[in-house]
Amino acid sequence: MLIFDLLGPMAHFRKYYTNSSSLTYGFPPRTVLMGVVAAVLGYERDSYYKELDRGRFAIVIKAPGRRLIQTVNYVRTKKEDLTELRRLGRARGTQIPLEFLWPARGNHSLCFRVFFAHPDVGLVEEAACRLRENRPYYPLYLGLTECIARGEYVLLAGRGDYQAVPPGSRVSLHSLLNAALLQEMLLAGNKGACRLIREKAPHSFGPGRALRPPVSIIYEDRGQPFTVRLHVPAYRFLFQNGEEETVAFLEG
């Protein structure tokens, strides 16, 4: 299992149901994570959906974000504008409100910790090698190409690096949670205030980049753990710096 951090100064993970006003999720959906791994490994656009859909992903918000809406100018590329663009002239633009995710106060960058497992061990090891040596095949970004990102290798975990927590156990979860896997929410077990958000987000693509049914995701907006019981096992990791994180894969 590969564990790495995805960092960047800003992000935009467009909500699939928005149109003229582009709103962002507070986290990279599973489809974005598939794209990040594909970029690390060098898959061409639209060529990796079937292969990486076999993978399992979990994600922890390490540095929470804040939202800010900016109005941006989109250049029109309609047929009547192409002549002017070829002359390097000014084409008419369209102003669109665009919501960005920025680091919250006290953080210099956004940070998402990604846990990635796949039946093809060689694929995971190649991704780990590329991240360890800081040489992804394609540049990484957080949603938009304007939101440049970098991946930092954390660990290539084996069976001795984590402990499985049986289904139905009381667990303090650090990762995003697929709501379909939730057995019980134990709000009384949380330390301090807990601000939980539930959103529908893309999960996978079908042939022709067709979006398959989205899933409901539950997460704590400030990256704090929350206490639950799950229908599936969770996994507890203890890192060399003494940090402990318990995650649940989005696929179950």
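Biologist: How many of the eight residues of strand β2 are buried?
Modeller: This is a predicted model. In it, strand β2 covers residues 56–63 and is mostly covered. Buried here means under 20% relative accessible area. Of the eight residues of β2, the number that are buried is six.

Biologist: Which residue in β5 is the bridge partner of Ala58?
Modeller: Strand β5, residues 110–117, runs antiparallel to β2, and seven bridges join the two. Ala58 has its bridge partner in β5, and that partner is Phe115.

Biologist: Which element supplies the largest share of the lining of the largest pocket?
Modeller: The largest pocket holds about 830 Å³ of space. Its lining has 32 residues, and the closest to the centre are Gly35, Tyr48, Tyr141, Gly143 and Arg209. Both α1 (30–41) and β6 (140–141) supply at least two residues of this lining. The largest share, six residues, comes from α1.

Biologist: How many residues of the lining of the largest pocket are nonpolar?
Modeller: Gly counts as polar in this division, whereas Tyr counts as nonpolar. The lining of the largest pocket has six polar and six charged residues. Its nonpolar residues number 20.

Biologist: What does the lining of the second largest pocket divide into?
Modeller: About 180 Å³ of space lies in the second largest pocket. Among the residues that line this pocket are Met1, Arg54, Arg56, Ala117, His118 and Phe249. Arg counts as charged and Met as nonpolar. The lining divides into two polar, three charged and seven nonpolar residues.

Conventions. Residues are numbered from 1 along each chain as its sequence is written. This is a predicted model: local features need pLDDT of at least 70, side-chain atom pairs count only at pLDDT 80 or more; totals for chains, interfaces and linings use all residues. Side-chain values use heavy atoms; hydrogens and water are left out. On a 1 Å grid over the protein atoms alone, a cavity is a set of points where a 1.4 Å probe fits but cannot get out, and a pocket is an open set with protein on both sides within 12 Å along at least five of seven lines; lining residues have an atom within 4 Å of a point. Grid points are joined across faces, edges and corners, and a volume is the space filled by probe spheres set on the points. Helices (H or I, at least four residues) and strands (E, at least two) are DSSP runs, numbered from the N terminus. Buried means under 20% relative accessible area, exposed over 50%, partly exposed in between (1.4 Å probe, protein chains only). Two strands pair if DSSP finds at least two bridges between them.
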